[in-house]
Amino acid sequence: MSSFKVQYPINGEDFVSAGEASRKLKKVLQNLGVDPQIIRKATVAMYEGEINMVIHADGGVIDVEITPEKIHLFLRDKGPGIPNIDLAMTEGYSTASDNVRELGFGAGMGLPNMNKYTDYMNITTEVGVGTTIEMIVNTKSAS
């Protein structure tokens with residue numbers, strides 16, 4: 001398999017189509033013959049990021065590069081930024097509105113799950129400007 005790139009635009013506050021990009025990525029990875037456990041890791045991490053973009057950032061874009069060695073995800077938004085990354089990484093911490101919580105989202109597991117299901121994650125954020133999250137899921141085990 002050679003390198004493969006795909007981009008998914010994410011619409012803010014569109015809870016009906018939230019998760020569509022991660023479902024599309026799952027199909028791409030299945031068609032490429034990626035191991036189902038790797039697919040699960042990548043799509044769970046991407047889904048959590050996608051939902052965060054819908055809830056907090058009025059959308060954004062997710063760029064994915066798939067190589068034989070890794071699935072490289074870049075999530076970019078022009079949202080409010082994350083004032084305290086350490087606090088945001090705490091399981092159960094959420095700034096989601098009551099309306100979002102009533103829809104079943106905003107449990108405060110997004111960033112922790114993104115970190116849990118990836119082999120590498122880096123957050124670059126500026127309050128009032130936006131956030132970029134880079135994640136890598138290795139497709140080959142380190143030997």
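**Salt bridges, sheet and pocket**

Mentor: One count to begin with: by the rule of a Lys or Arg side-chain nitrogen within 4 Å of a carboxyl oxygen of Asp or Glu, there are three salt bridges. Keep in mind that this is a predicted model.

Trainee: How far apart are N and O in the salt bridge of Glu20 and Arg23?

Mentor: Side chains of opposite charge can pair when their charged atoms come close. Glu20 and Arg23 are three residues apart in helix H1, so about one helical turn separates them. Glu20 is partly exposed at 33% relative accessibility, and Arg23 is partly exposed at 42%. Their side chains meet in a salt bridge with an N to O distance of 2.9 Å.

Trainee: How many residues apart are Lys41 and Asp119?

Mentor: The side chains of these two form a salt bridge, 3.5 Å from N to O. Lys41 is in helix H2 and Asp119 is in the loop between helix H5 (110-116) and S4, so the pair links distant parts of the chain, and the separation is 78 residues.

Trainee: Are Lys41 and Asp119 buried, partly exposed or exposed?

Mentor: Buried means under 20% relative accessible area, and exposed means over 50%. Lys41 has 23% relative accessibility, so this residue falls in between. Asp119 has 40%, so the class for Asp119 is also partly exposed.

Trainee: Which strands does the salt bridge of Asp63 and Arg76 tie together?

Mentor: The closest N and O atoms of Asp63 and Arg76 are 2.9 Å apart. Asp63 is partly exposed with a relative accessible area of 21%, and Arg76 is partly exposed at 34%. The two residues are 13 apart in sequence, so the bridge ties together parts of the chain in strands S2 and S3.

Trainee: Which strands stand at the edges of the sheet?

Mentor: The sheet is open and has five strands in the order S1-S2-S3-S5-S4, with antiparallel pairing. An edge strand has a single partner, so one side of it is left without a neighbour in the sheet; the strands in that position are S1 (4-11) and S4 (120-126).

Trainee: What is the average twist from one strand to the next?

Mentor: Strands of a sheet pair through backbone hydrogen bonds, either parallel or antiparallel. In this sheet the pairing is antiparallel. From one strand to the next, the twist averages 10°.

Trainee: Which residue in S5 stands opposite Ile123?

Mentor: S4 and strand S5 (residues 130-138) run antiparallel and are joined by seven bridges. Opposite Ile123, the residue in S5 is Ile133.

Trainee: Which residue takes a positive phi in the hairpin of S4 and S5?

Mentor: Three residues lie between the two strands of this hairpin. A positive phi near 85° is taken there by Gly128.

Trainee: What angle does the direction of H2 make with that of S3?

Mentor: Two helices that pack on the sheet can be set side by side. Helix H1 (residues 20-31) touches S1, strand S2 (59-66) and strand S3 (70-77), and its direction makes about 165° with that of S1. Helix H2 (residues 36-56) touches S1, S2, S3 and S5, and its direction makes with that of S3 an angle of about 0°.

Trainee: Is Ser22 buried or exposed?

Mentor: Ser22 lies in helix H1. Leaving aside neighbours within four places in sequence, Ser22 is in contact with Thr43, Met46, Tyr47 and Glu50. Its relative accessibility is 6%, and a residue under 20% counts as buried.

Trainee: Which element gives the largest share of the lining of the largest pocket?

Mentor: The largest pocket holds about 670 Å³ of space. Of its 35 lining residues, the closest to the centre are Asn52, His56, Ala88, Thr95 and Leu111. The elements giving two or more residues to the lining are H2, S3, helix H3 (85-88), H5 and S5. The largest share, eight residues, comes from H2.

Trainee: How far apart in space are Gly108 and Ala88?

Mentor: Gly108 lies in the loop between helix H4 (98-102) and H5, and is buried with a relative accessible area of 10%. Beyond its neighbours within four places in sequence, Gly108 is in contact with Thr90, Glu91, Gly92, Tyr93 and Ser94. Gly108 and Ala88 are 20 residues apart in sequence, and from C-alpha to C-alpha their distance is 7.9 Å.

How values were computed: Residues are numbered from 1 along each chain as its sequence is written. This is a predicted model: local features need pLDDT of at least 70, side-chain atom pairs count only at pLDDT 80 or more; totals for chains, interfaces and linings use all residues. Side-chain values use heavy atoms; hydrogens and water are left out. Two strands pair if DSSP finds at least two bridges between them. Helices (H or I, at least four residues) and strands (E, at least two) are DSSP runs, numbered from the N terminus. Axes are lines fitted to C-alpha atoms, for helices over the stretch in contact, and angles run from 0 to 180 degrees between N-to-C directions. Contact means heavy atoms within 4.5 Å. Buried means under 20% relative accessible area, exposed over 50%, partly exposed in between (1.4 Å probe, protein chains only). On a 1 Å grid over the protein atoms alone, a cavity is a set of points where a 1.4 Å probe fits but cannot get out, and a pocket is an open set with protein on both sides within 12 Å along at least five of seven lines; lining residues have an atom within 4 Å of a point. Grid points are joined across faces, edges and corners, and a volume is the space filled by probe spheres set on the points.
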